[in-house]
Amino acid sequence: MVSLPPDMWAELLYDGAWNPASGLRRTSSVVITRGLSAESASAAEPTQCECELNSPDGLYAPRNWRSPLRGKIGRNTPFRLGYRTGSPWVALDGTDGNEITTPTNTAFNVTDVDLRIEIALDDWVRQQNLAARYLATGNQRSWGMYLAATGQLAFHWSATGSATLVTRFSSLPVTAYNGQRLAIRVTLDVDNGAGSYELRFYTGRTVDDEEWDLLGTPLTGAATAVFAAAAPIELGDMTGIALPAMIGKAYALKLLSGIGGTTVLRMTTQDAAPGAVSFTSGGFVWTKATAGATLTNKHVRMVGEVPAWPPARDLSGNDAYVSIAPTGVTRRMDAGNKPVDSALLRFIKANNPVECWPLTDGEQSRVGKSLVGGKPMTQIIRSIDTPGNFGKGSLAPWIEPVIQILPDVTGSIQGECPVTAGTTAAWSIDFFMRGGGNESAGVFEILDAGARTDTDNQAEFTLIFDGNGDLLTLTLNMVGESASSSSLVMAATTVSIYDENPHHVRITMDPQATDTAWSVYADGQLIGNGTIASIVIKAPRLMRLGWGSLTVAGQTMTERGFGYFTLWDGTGPSAASMYSALTGFAGERAGSRVKRLATEAGYTATVSGDIAFQELMGIQGQKKILELLNEANRTNFGYLLEARDRNELIHRGHSTLWNQPPALTLDFSAGLISAPFRPVDDEKLTENDVSVKREYGSLPARQVLESGPMSVQDFPDGAGRYDNEYTYSLATDDQAGHVASMLVHLGTYDGVRYARITLDLANPRVHQMIDDILRVDSGDKLRLTRLPDDHGPDDVDVLVQGYTEEAGPDTWKITFNCVPAEPWTALVLGSTAHGRIDIGGCELAEDLTETETSVDVTTTGVRRWADSATYPDVYPMDLRVGGATGEIMRATACTGTTNSQTFTVIRSVNGVVTTHSTGADVHAALPAYLPL
């Protein structure tokens with residue numbers, strides 16, 4: 001029996017360390033909610049925990065002056081909670097030599113290497129040792145695997161045992177969020193028969209996976225060998241290699257003789273006991289080497305902040321406690337009503353400029369305030385001048401209004417720059433503009449910190465706007481007391497910045513010992529650079545924007561907008577990134593946007609899934625940080641969550657959802673699933689007519705399912721029309737069609753939905769699976785097997801959206817919120833499991849008895865089935881006859897090269913035994929879909 005309540009623990013962060021919250025009440029339940037709360041939810045709620053802490057003598061009362069915790073806890077004190085249960089893992093803290101190791105054995109002498117380890121790293125882009133069979137002493141070097149600071153896996157080996165190593169890196173980095181548990185695999189075929197070795201890297205879920213995801217491309221070289229070293233196998237560090245030790249968790253290691261060959265070593269920490277110094281697994285003894293390696297089963301189930309400490313007590317006054325509701329960090333992201341910044345303003349703030357005048361002040365303003373608290377930019381008003389209009393100019397709809405300059409007027413605005421050690425060494429000035437038309441009036445001037453004497457000239461740079469000739473000209477005047485000189489620095493042609501689109505200009509000066517290197521950029525691209533000989537430019541002291549009247553008859557001047565005059569030292573962001581910020585980072589990958597937004601706001605976010613395969617985002621608008629993060633997540637059809645064991649955000653991209661192996665398989669007949677168990681077969685998620693509009697884009701793209709049981713046709717030919725229209729942040733209008741297709745695909749799943757799956761963790765049969773259950777998170781797949789007949793004949797796969805778990809004196813259960821997983825089956829060319837595409841229309845050409853094995857079919861779609869004579873590798877292939885709950889037949893051959901064909905089949909593969917009538921539907925039993 002499983003005792004209740006489970007072994008729970010809680011901790012509070014104060015005095016710079018995690019400290020036990022010893023008052024966690026065992027007489028009341030702890031409830032944790034995580035992820036999406038329902039099938040139709042569009043975004044995850046903040047993770048929340050509800051629990052009570054005994055508070056004798058007001059221990060957990062922050063305002064109690066007698067409490068020893070006074071001044072140490074309070075609003076938003078970090079909190080974490082979890083269980084001690086199940087099998088342990090090796091917790092590694094990065095101490096040199098922290099590892100577990102098993103002594104050398106001749107069984108480990110393999111020719112071709114197939115090495116697999118299962119780990120969860122605290123940081124997947126930190127350089128660190130992972131596993132090795134390697135001793136420098138006595139030249140007993142065999143092989144080693146480590147992670148590079150780029151996130152790439154590295155494998156090195158010696159053919160002779162000497163220090164002469166072959167070292168190769170995976171062509172792609174591991175794409176995992178911090179703390180994510182993965183299986184890593186490397187295979188080395190030392191001689192492929194063509195005089196070359198072949199090295200491959202893979203990722204998977206467990207060391208026993210049958211299907212693996214290739215990480216990058218195979219690597220080759222001259223045929224080699226792996227030395228049979230008299231060295232132990234280490235997991236977590238590598239003796240004799242000066243690389244940092246691993247920080248994270250280690251679960252398993254598996255070594256095979258030959259690729260996919262015989263297992264010679266399989267270690268799993270499930271064979272260990274928590275706190276053990278050594279253990280035996282797979283017939284070999286493993287020992288932890290230092291105090292930096294600990295065998296523990298201390299699970300973290302949530303990390304959050306305590307927003308309030310409401311005191312409570314019973315009527316007697318003797319039972320004092322606090323009921324707290326710690327929540328994840330996204331709660332604060334969505335709090336308040338502070339005006340939101342544009343992508344440009346966010347980016348500038350996040351990169352700490354030396355000075356910045358956004359010129360986004362209100363319409364009644366007379367000066368431009370400094371973003372960093374410096375002196376304001378002021379307008380110089382002479383009798384002939386017209387001031388710019390604050391709050392009325394525009395750079396782009398997604399950027400705050402800036403100062404407006406009307407046509408055919410004169411005036412100027414200037415600001416005094418702080419001189420810093422950084423700007424003395426090198427500096428850049430950015431500004432942004434829109435408009436101008438076909439005119440030649442307007443200058444931007446920069447004066448450096450020279451004393452304007454004959455011995456210390458002041459440099460005056462003048463950037464001249466010439467819309468008439470589409471030119472941008474830079475001149476330099478060196479001004480002293482009695483003399484001055486002038487020179488042309490640059491005359492750039494066809495700069496294309498005088499229209500109604502937003503544009504960016506940058507000037508950069510990099511003083512050398514006797515000269516100064518200069519560069520000018522327009523819209524992030526270099527348009528001129530060179531060297532100013534024999535002059536060392538100083539830090540800028542003043543910048544001035546001037547606008548002049550139309551002077552040439554027949555020219556056309558338009559209203560103009562200017563803003564964000566920004567000074568950087570040599571450590572500022574690149575010109576390209578500033579232009580990207582101006583354009584709202586349009587074209588940015590979803591995962592990159594999540595990481596950048598979090599960093600700008602002072603949070604940490606990491607991403608699972610190859611960012612190169614994630615969706616391209618549109619223009620970033622002026623929205624709250626959490627709204628922007630959820631927008632990127634929504635476009636990428638993924639999951640945005642708080643990390644379960646740390647104060648970070650994680651984004652799981654859609655590429656990680658396709659074709660994943662089940663994280664947990666639940667046999668209904670074994671009593672593993674608890675009540676309530678009420679599958680639904682309704683219209684709740686149905687969408688078969690979807691229009692998607694790109695924000696800031698053109699007309700919506702529309703996708704409609706015209707035929708089939710879930711089509712827009714009326715019953716009995718379809719389900720009727722279910723139409724919706726959405727707006728998405730997308731980089732191109734073409735993407736809108738793809739997103740609409742994906743929404744129709746997900747919205748026309750023809751099957752029963754299992755929205756809630758409840759497991760009683762106190763059930764001994766269920767508790768045997770506790771290690772796998774506690775690993776399950778949002779986006780993982782569950783497989784339900786051996787369901788009652790009235791649920792249909794097949795296994796059912798669902799994706800976990802979120803969950804609620806409750807632990808207390810009388811209960812310990814977890815309820816997963818789920819959506820169908822079958823639509824997340826992607827086509828993989830050459831794959832037996834995921835390489836079938838349905839032809840889109842086929843029916844029986846004859847009646848079938850329960851036992852007939854020769855099946856005549858007629859194709860009604862555009863393409864016929866592949867015949868086995870021409871395409872023998874296609875077979876066997878499973879077919880479903882008679883609809884979603886029909887019989888699965890295994891076709892072993894197919895004859896005929898027209899729309900009339902004959903299958904040779906094995907009947908009743910899924911246990912359905914029935915007759916079929918002419919015209920019954922015939923489809924691929926497990927069709928794959930083209931992913932986003």
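Trainee: The part I would like to look at is helix H2, so which of its residues are buried, and what covers them?

Mentor: Happy to. Please keep in mind that this is a predicted model.

Helix H2 runs over residues 343-350 and is mostly covered, with six of its eight residues buried. Going along the helix, the buried ones are Ala343, Leu344, Leu345, Arg346, Phe347 and Ile348.

H2 is followed by Asn352, which has a positive phi near 55 degrees. Further along is Leu359, in the loop between S24 and strand S25 (367-368). Leu359 also has a positive phi, near 60 degrees, although it is not a glycine. Its relative accessibility is 0%, so Leu359 counts as buried. For another example, turn to Ser496, in the loop between strand S34 (484-493) and strand S35 (503-511). Its phi is positive too, near 55 degrees. Here the relative accessibility is 39%, so Ser496 counts as partly exposed.

Now follow one of the covering elements, H6, to its end. Helix H6 spans 625-635, and Phe637 sits in the loop between this helix and strand S41 (639-642). The ring of Phe637 pairs with that of Tyr728: their centres are 6.4 Å apart and their planes meet at 15 degrees, so the pair is stacked. Tyr728 belongs to strand S46 (residues 723-728), which puts the two partners 91 residues apart and makes this a link between distant parts of the chain. Both Phe637 and Tyr728 are buried.

Pro716 lies in the loop between strand S45 (701-704) and S46, and the bond from Phe715 to Pro716 is cis, with omega near 10 degrees. There is a cis bond from Ala675 to Pro676 as well, with omega near 0 degrees. Pro676 is found in the loop between strand S43 (664-667) and strand S44 (689-694).

The whole structure holds 23 aromatic pairs. One aromatic cluster is made up of Phe431, Phe444, Phe465, Phe562 and Phe565.

Finally, step back to the whole chain. It has nine helices and 56 strands, and its C-alpha atoms fill a box of roughly 105 × 80 × 75 Å along the principal axes. Of its 932 residues, 53% are buried. Among contacts with a separation of 6 or more, 67% join residues 24 or more positions apart. The chain exposes about 38500 Å², and carbon and sulfur atoms supply 50% of that. As for charge, there are 73 positive and 106 negative charges, with mean positions 7 Å apart.

Key: Residues numbered from 1 in each chain as written. Predicted model: local features only at pLDDT ≥ 70, side-chain atom pairs only at ≥ 80, totals over all residues. Heavy atoms only, no water. Phe/Tyr/Trp six-rings, centres within 6.5 Å; stacked < 30°, edge-to-face > 60°. Helix = DSSP H or I, 4+ residues; strand = E, 2+ residues; numbered from the N terminus. Buried < 20%, exposed > 50% of the residue type's maximum accessible area, 1.4 Å probe, protein only. Contact = heavy atoms within 4.5 Å. Areas by Shrake-Rupley, 256 points an atom, 1.4 Å probe, with all protein chains shown as cover. Lys, Arg positive; Asp, Glu negative; His and termini not counted. Charge placed at Lys NZ, Arg CZ, Asp CG, Glu CD.
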